Amino acid sequence: MTFDNFVSAQSFLLIAGFVIAFIMGAVVNKTHFCTMGAVSDWINMGHTGRFRAWGLAIGVALLGVVILEMLGLVNLNSSYPPYRNGQLIWAENLLGGILFGIGMTIAGGCGNKCLVRIGAGNLKSIFVFLIIGVVAYFMLNPFPGSDKTLYSVLFYPWLNPLAVNMGSSQDLGSVLAGESHALLARLVIGLILGLWLVWLAFKSKDFRSSPDFAIGGIVVGLCVLAAWYVTSNITVIADEQPYPLTQYYGEWDMLAESDSGKPAIGAALGAQSFTFINPMAQAVGYAGGGFNSSLLTFGIMAFFGVMAGSLAWALLSRSFRIEWFSSKGDVINHVLGATLMGIGGVLAMGCTVGQAITGVSTLAIGSFIAFAGIVLGSALTMKVQFYQMMYEEEASFGKSLITGLVDLKLLPESLRKLEKV
């Protein structure tokens, strides 16, 4: 995908992001692919179909990435965001994942599901998006008239010192086999793990009970892979030489005739795939910047693409429904959940798609940690909600939390505070 000028190349990047995300949004709506729902089905009903669909999406994306990377068709070592960064921010990944998992459970869905619901007519999700976007924006950008961000004030002083230097990269291939053999090691690890995830999905009767589980998992995985491929292979011809978009941006003064058309964020031109919390923050910045085209990114276009795809399916299937808050408590839950998702999504460097599928496809250790944190936060929140509903006043938060940890086998049975229902 080679272009003779930067504007054409960037336009293709943005349009591709929209088109691939459009497909994802339509299919996610059609198949009810939902990561919060996946955890809920598993924890509350013991049904693992949707959870295995999530695993299938990871497996498909992972298999594709390691094969394409071995063939030299993608390069994720300098991706946006930098999943394989040598600094393993494990504490941020874990805490962020837990907070995000709690938030998506309280608010009734993750970032991707929020966009899908907006397309299907859920006005509550617009409210959730705005809160996530504003919170995430100020986690990443200074408050007006200040050089402090929400992250630098609340988290940096005590979380950053816990980071571990993993050398050149934190991906499993580099860690286990060294930089010189990382590519082959990633292929072997990725094939084993990816095929195992695909096998786990199709071996289950729960998963095979509905074709939508397979369709959702395969298509979401392929969309993540397609985004990696497209964003890794766009080049601009300048001085008879091909330049990747990030390199062209870095040498803009020498290659471009003027600053006209220069994007505000150079890193956002690099190899990337779908993630939804940072793009929500970017969308807030885009709106606050007067919809300046220099602020438009792949992530923002993907954001719009998912909503448009969901809307298209909702109209086609006649499932479009306007929904609003049912009570004051419903409003409070969505505000709290959205706030936690905004904070947690930035700390974890991604969401249920951005880390658990896109990030894991790079084999970054931090992505696995964030994924585990999201599942833990969501599952534990559901356990607490369940026991407080069943036992009402007898089930204090502390008793419900400890009992939930026992149910998840994270504490011994002897510590159980409430009888299992």
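Is F303 buried or exposed? With a relative accessibility of 3%, F303 counts as buried, where buried stands for under 20% relative accessible area, exposed for over 50%, and partly exposed for what lies in between (1.4 Å probe, protein chains only). The model is a predicted one, so local features need pLDDT of at least 70 and side-chain atom pairs count only at pLDDT 80 or more, while totals for chains, interfaces and linings use all residues. Residues are numbered from 1 along each chain as its sequence is written, and side-chain values use heavy atoms, with hydrogens and water left out.

Helices (H or I, at least four residues) and strands (E, at least two) are DSSP runs, numbered from the N terminus. Helix α3 covers residues 49-70, 22 residues in total, and it reaches 32 Å from its first C-alpha to its last, close to the 32 Å expected at 1.5 Å a residue; the expected span is 1.5 Å times one less than the number of residues. Of the 22 residues of α3, 17 are buried, so the helix is largely enclosed by the rest of the structure. Just after α3 comes G72, with a positive phi of about 80°.

Next, the sheet. Strands of a sheet pair through backbone hydrogen bonds, either parallel or antiparallel. Here two strands count as paired if DSSP finds at least two bridges between them. Three strands make up an open sheet with mixed pairing, in the order β1-β4-β5. At the edges sit β1 (2-3) and β5 (241-244), each pairing on one side only. Strands β1 and β4 run parallel and are joined by two bridges, with T2 standing opposite T235 in β4. Strand β4 (residues 235-238) and β5 run antiparallel, joined by four bridges. Along this pairing, V236 stands opposite Y243 in β5, and A238 has Q241 as its bridge partner. The β4 and β5 strands form a hairpin with two residues between them, and D239 in the turn has a positive phi of about 55°.

Then there are the aromatic rings. Rings of Phe, Tyr and Trp (its six-membered ring) pair if their centres lie within 6.5 Å; planes under 30 degrees apart count as stacked, over 60 as edge-to-face and the rest as tilted. By this rule there are 25 aromatic pairs. One of them joins W42 and F51, a tilted pair at 5.3 Å centre to centre with 50° between the planes. W42 counts as partly exposed at 35% relative accessibility, and F51 counts as partly exposed at 23%. In another pair, F303 and F304 have ring centres 5.1 Å apart and planes at 80°, so this pair is edge-to-face. While F303 is buried at 3%, F304 is partly exposed, with a relative accessible area of 35%. Ring pairs also link F6, Y248, Y249 and W252 into a cluster.

Charged side chains come next. Side chains of opposite charge can pair when their charged atoms come close. A salt bridge is taken as a side-chain nitrogen of Lys or Arg within 4 Å of a carboxyl oxygen of Asp or Glu, and the structure holds nine of them. In one, K30 meets D212, with the closest N and O atoms 2.6 Å apart. This pair links distant parts of the chain, 182 residues apart: K30 belongs to helix α1 (residues 6-31) and D212 to helix α12 (residues 211-232). K30 is partly exposed at 30% relative accessible area, whereas D212 is buried at 17%. Another salt bridge joins D41 and R50, the closest N and O atoms being 2.8 Å apart; D41 is buried at 10% and R50 is partly exposed at 22%. For D171 and R186, the closest N and O atoms are 3.1 Å apart. Both D171 and R186 are buried, and together with E69 and R84 they are linked in a network of salt bridges.

Helix α6 gives the most, with three residues. L123 lies in α6 and counts as partly exposed at 33% relative accessibility.
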